[in-house]
Amino acid sequence: MLGRIEDLRQGYHRRICRDVLRQKADGTPNNADSSSAASVRLGKGIVKNIGMRTGKKKLAGQTAGHQFEAATKDFLRDAFGLLSHLRPGKWDFSLGGNIRDYEQYLHLSDVRRVVDEHEELRIIFGDYIVTPDIVVCRKPVADSEINKKEVLVNDDGTASHTPLRQANSQADIMHASVSCKWTIRSDRSQNARTEGLNLVRNRKGKTPHIVVVVGEPLPSRIASLAYGTGDIDCVYHFALRELTAAASDNDSDADLLRTLVTGRRLRDISDLPFDLAT
């Protein structure tokens, strides 16, 4: 009997195979770099180890990336919901959005207005407003809920600034920023690092979880995001077990994956709901 999280993981893979994964006539999947023999070999290995039929409908432009984001958001919402006994509260999972809408970053609206009015400031500050692929946020809590078991707070000046109290702030609290990369091909993929640093530097209050979910099959490209500390909590692969099995016949790929996993820089997508509950 499968655990519920594994059941959701398989459902996540079914949806990705249906809506995101496509294969050429020679079996090369669309998350592999056709100019790299290793990428093609590992990409084919992932598809084989997942063991599900891939979709046939041609995907246009950025569709694969958007579908990957949507499937990942729904998986995280459903899996995190199963952990409500570990992390109670009212939560929302959404695609896109602007960090200025969240409690830690409300002040950026004022900063942005000033920067927009002065061209010389735009040159200095650039575009620092992050638009995460997926946002996980917590809703503020009403005093009636806080006082459910006994009176903990009242209109007596206690806890009068914490954003967790709805009486103090109605803005949602950003709990996590999830960046999704179906492939890692260009320097633009490194934007996830820049976005992570902006989220850390520009916040007032709690730092949200900052993670990246990838579909990239090549370990060296995953390492280009996973190595280092501070700007990204961790990188998660949509099918790490299947990738690890596909890489097992190549010492170099297997060693690099092992280094990333034991170094706590790379985990499977099934780990992410639990990490978000911490």
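These are my notebook entries on what I looked up in this predicted model.

**Ground rules**

I number residues from 1 along each chain as its sequence is written, and I keep to heavy atoms for side-chain values, with hydrogens and water left out. As the model is predicted, local features need pLDDT of at least 70 and side-chain atom pairs count only at pLDDT 80 or more, while totals for chains, interfaces and linings use all residues.

**Entry: the cores**

I began with the largest nonpolar core, which has 55 residues. By nonpolar core I mean a set of buried Ala, Val, Leu, Ile, Met, Phe, Trp, Tyr and Cys residues joined through side-chain atoms within 4.5 Å. Buried stands for under 20% relative accessible area, exposed for over 50%, and partly exposed for what lies in between (1.4 Å probe, protein chains only).

Which members touch the most others? I noted Tyr12, Ile16, Phe68, Val213 and Phe238. Helix H3 (residues 63-81) gives this core its largest share, seven residues. My helices (H or I, at least four residues) and strands (E, at least two) are DSSP runs, numbered from the N terminus. Another core, of ten residues, lies apart from the largest one, and includes Tyr105, Cys137, Leu199 and Ile210.

I then listed the contacts of valine 213, where contact means heavy atoms within 4.5 Å. Neighbours within four places in sequence left aside, valine 213 touches Tyr12, Phe68, Thr72, Val178, Ser179, Cys180, Lys181, Tyr236, Ile269 and Leu272.

**Entry: aromatic pairs**

How many aromatic pairs does a search of the whole structure find? It finds six. The rule I used: rings of Phe, Tyr and Trp (its six-membered ring) pair if their centres lie within 6.5 Å, and planes under 30 degrees apart count as stacked, over 60 as edge-to-face and the rest as tilted.

I picked out phenylalanine 68 with tryptophan 182, a tilted pair at 5.0 Å centre to centre with 55 degrees between the planes. Phenylalanine 68 is in helix H3 and tryptophan 182 is in the loop between E3 and H7, so the pair ties together parts that are 114 residues apart in sequence. Phenylalanine 68 is buried at 0% relative accessibility, and tryptophan 182 is buried too, at 7%. Together with Phe238, these two form one aromatic cluster.

**Entry: helix H7 and strand E4**

Next I turned to helix H7 (residues 191-201), whose buried residues are Ala192, Arg193, Gly196, Asn198 and Leu199. What do they pack against? I found strand E3 (173-181), strand E4 (209-214) and helix H8 (219-226).

Asparagine 191 is also in H7, but it is partly exposed, with a relative accessible area of 33%. Its C-alpha is 9.5 Å from that of serine 179, twelve residues away along the chain.

Valine 211 sits in strand E4 and is buried at 2% relative accessibility. Leaving out neighbours within four places in sequence, I see valine 211 in contact with Ser177, Val178, Ser179, Ile232, Asp233, Cys234, Tyr236 and Leu272. Valine 211 and arginine 193 are 18 residues apart along the chain, with 9.6 Å between their C-alpha atoms.

**Entry: H8 against H10**

I looked up how H8 packs with helix H10 (residues 251-262): the angle is about 25 degrees and the axes are 10 Å apart. Axes here are lines fitted to C-alpha atoms, for helices over the stretch in contact, and angles run from 0 to 180 degrees between N-to-C directions. The two helices therefore count as roughly parallel; the label covers angles under 35 degrees, with over 145 being roughly antiparallel, 65 to 115 roughly perpendicular and the rest oblique.

Which residues meet? From H8 I have Pro219, Ser220, Ile222, Ala223 and Ala226, and from H10 Asp253, Leu256, Leu257 and Leu260.

**Entry: loop residues**

I noted positive phi values in two residues other than glycine: alanine 159, near 45 degrees, and arginine 264, near 60 degrees. Alanine 159 is in the loop between helix H6 (143-146) and E3, partly exposed at 36% relative accessibility. Arginine 264 is in the loop between H10 and strand E6 (266-268), exposed at 62%.

My last stop was arginine 53, in the loop between helix H2 (37-50) and H3. Is arginine 53 buried or exposed? It is exposed, with a relative accessible area of 76%. From arginine 53 to aspartate 156 I have 103 residues in sequence and 61 Å in space, C-alpha to C-alpha.
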